[in-house]
Amino acid sequence: MSDRRAMNQARMVLLRVFRYRNGDGAPRYDEFRVPVGPRTTVLDALLGVRRRQDPTLTLRHSCLHASCGMRVNGQEVLACVTRLDGLGDRVVVEPLAGAPVVSDLVVDMEGFYGRLEPSGRPLVRTSEHDTPALMELERFEDCIECGLCLSACPVAATDPRYLGPAALAAADRLIQEPRGADRKEVLGWVDDAHGAWRCHAAFECSEVCPAGVDPAGAIMGLRRRLLRDRLPRLAGRSDREARP
Amino acid sequence: MTGKGLRAAGGRHPSRWLDPRGRHLGTWAFVLNRLTGLGLVAYLYLHLIVLSTLLRGPAAWDGLVAVFRHPVFLAFDVLLVLGLAVHGLNGLRVALVGSGLLVDRHRALLVAAGVLIGLVGLVAAVRTFA
């Protein structure tokens with residue numbers, strides 16, 4: 001079907017898109033009318049805007065790498081799998097929250113990936129170390145590192161030092177399947193006022209996770225382990241006595 | 001990728017707690033806990049200031065008590081009980097779930113807390129105004 005025919009059959013939706021360039025005084029919102037069919041995704045519409053209306057619109061997308069995370073009507077989503085149909089006639093598109101905006105819908109993910117580093121990217125299988133390209137790309141982990149959880153987390157909204165749901169979920173996964181890692185070291189990393197104890201059980205991270213990782217459940221699992229380690233010490237028993 | 005503009009456009013702010021778009025029940029419980037916590041701290045200081053009226057003698061205190069019997073202030077009393085119930089019961093939920101207990105039932109706990117808060121509010125309102 002040609003673009004023109006598709007446009008004739010589609011209804012029109014008004015996209016209000018967050019715009020910001022490094023050096024701008026303040027962000028603004030630009031409005032674009034876009035044709036929407038039953039299968040049109042937010043990413044389709046934004047790429048259409050860039051192709052036909054404003055080539056300066058900046059967004060990040062890369063199939064299979066979950067880099068198109070953004071907020072649509074305030075909800076953290078992956079733009080590539082979020083259909084516009086059913087979102088109303090006026091849709092607000094904004095970058096993920098809690099990370100510095102580089103340009104328009106692109107945020108700086110360095111802080112997010114930096115938080116994950118201490119987990120050692122736990123599920124890279126040993127055999128993959130012989131294949132450098134795979135080692136960089138595949139982690140065999142449900143978490144797709146899209147950053148939606150950090151954007152949705154109300155604690156991360158005010159605590160820049162908070163490790164965040166993804167890193168804590170990675171730590172929990174590492175403890176479940178250490179593959180040579182030192183469990184105590186991992187627990188020591190997350191046993192911090194800005195680590196597992198900072199979570200306030202809002203479960204928003206689990207609500208928005210597109211991969212079903214349940215980071216909040218993982219954080220509670222970490223706390224349970226930390227408490228199990230601490231309680232015997234508080235009761236005056238040594239580690240050796242506590243864990244025969 | 002640093003600079004004044006970049007930091008100004010991104011960043012973190014408590015105002016995000018009050019953005020209702022796309023949020024779920026757990027975040028609203030979090031926000032209510034924060035707001036009731038702040039409200040209860042403010043009330044504590046206000047309460048101490050009001051109590052200091054006792055230093056000015058029984059007449060000053062009795063006059064103030066008469067003012068506080070006005071329905072508007074009685075409504076504030078009900079609000080105070082509600083705030084205590086929200087903060088206390090949700091705090092209990094957070095303590096339980098945060099200790100790794102009943103994690104799979106966190107939503108049910110939230111609903112149960114909501115029902116109890118409603119009942120406490122109702123009883124407080126009836127007993128205050130009846």
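A:D214 sits in the loop that links α8 and α9 of chain A. The structure is a predicted model, in which local features need pLDDT of at least 70 and side-chain atom pairs count only at pLDDT 80 or more, while totals for chains, interfaces and linings use all residues. Residues are numbered from 1 along each chain as its sequence is written, and chains are lettered from A and ligands numbered from 1 in the order in which they are written. Helices (H or I, at least four residues) and strands (E, at least two) are DSSP runs, numbered from the N terminus.

The backbone of A:D214 deserves a look: its phi is near 55°, a positive value in a residue other than glycine. A residue is called buried here if 20 or more other C-beta atoms lie within 10 Å of its own, exposed if 12 or fewer, and partly exposed in between, with C-beta atoms placed from the backbone. A:D214 counts as buried because it has 21 C-beta neighbours inside 10 Å. A:D104 belongs to the loop between β6 and β7 (106–107) of chain A, and although it is not a glycine, its phi is positive, at about 45°. A:D104 has 25 C-beta neighbours inside 10 Å and therefore counts as buried.

Chain A as a whole contains 10 helices and seven strands. Of its 244 residues, 39% are buried. Two residues are taken to be in contact if their C-beta atoms, placed from the backbone, lie within 7 Å. Among contacts in chain A between residues at least 6 apart in sequence, 60% join residues at least 24 apart.

Turning to the strands, two of them are said to pair if DSSP finds at least two bridges between them. Chain A has an open sheet of five strands in the order β2-β1-β5-β3-β4, with mixed pairing. Its edge strands, β2 (28–36) and β4 of chain A, each pair on one side only. From one strand to the next, the twist averages 35°. Helix α2 (residues 42–52) of chain A packs on this sheet, where it touches β1 (11–19), β2, β3 and β5 (90–94) of chain A, and its direction makes about 105° with that of β2(A). For such angles, axes are lines fitted to C-alpha atoms, for helices over the stretch in contact, and values run from 0 to 180 degrees between N-to-C directions.

Within the sheet, β3(A) can be followed residue by residue. β3(A) and β4(A) run antiparallel and are joined by four bridges. A:M70 has A:V77 in β4(A) as its bridge partner, and A:V72 is partnered by A:Q75 in β4(A). The two strands form a hairpin with two residues between them, and A:N73 in the turn has a positive phi of about 50°. β3(A) is also antiparallel to β5(A), with two bridges between them; here A:V72 stands opposite A:V93.

Chain A divides into domain 1 (3–107) and domain 2 (110–242), with bounds that come from an automatic or database domain assignment. Their contact takes nine residues from domain 1 of chain A and 14 residues from domain 2 of chain A. On the domain 1 side, β3 (69–72) and β4 (75–78) of chain A each supply at least two residues. That side consists of five nonpolar, two polar and two charged residues. In this scheme Ala, Val, Leu, Ile, Met, Phe, Trp, Tyr, Cys and Pro count as nonpolar, Asp, Glu, Lys and Arg as charged, and the others, Gly among them, as polar.

The contact between the chains takes 34 residues from chain A and 29 residues from chain B. β4, β6 (101–103), α8 (204–208) and α9 (215–234) of chain A each give at least two residues to the chain A side. The largest share, six residues, comes from α9(A). By class, the chain A side has 16 nonpolar, 10 polar and eight charged residues.

In chain B, B:N90 lies in helix α4 (residues 71–98). B:N90 counts as buried because 22 C-beta neighbours lie inside 10 Å. Not counting residues up to four places away in sequence, B:N90 touches B:A29, B:L32, B:N33 and B:A113. The C-alpha atoms of B:N90 and B:G114 are separated by 8.5 Å, with the two residues 24 apart along the chain.
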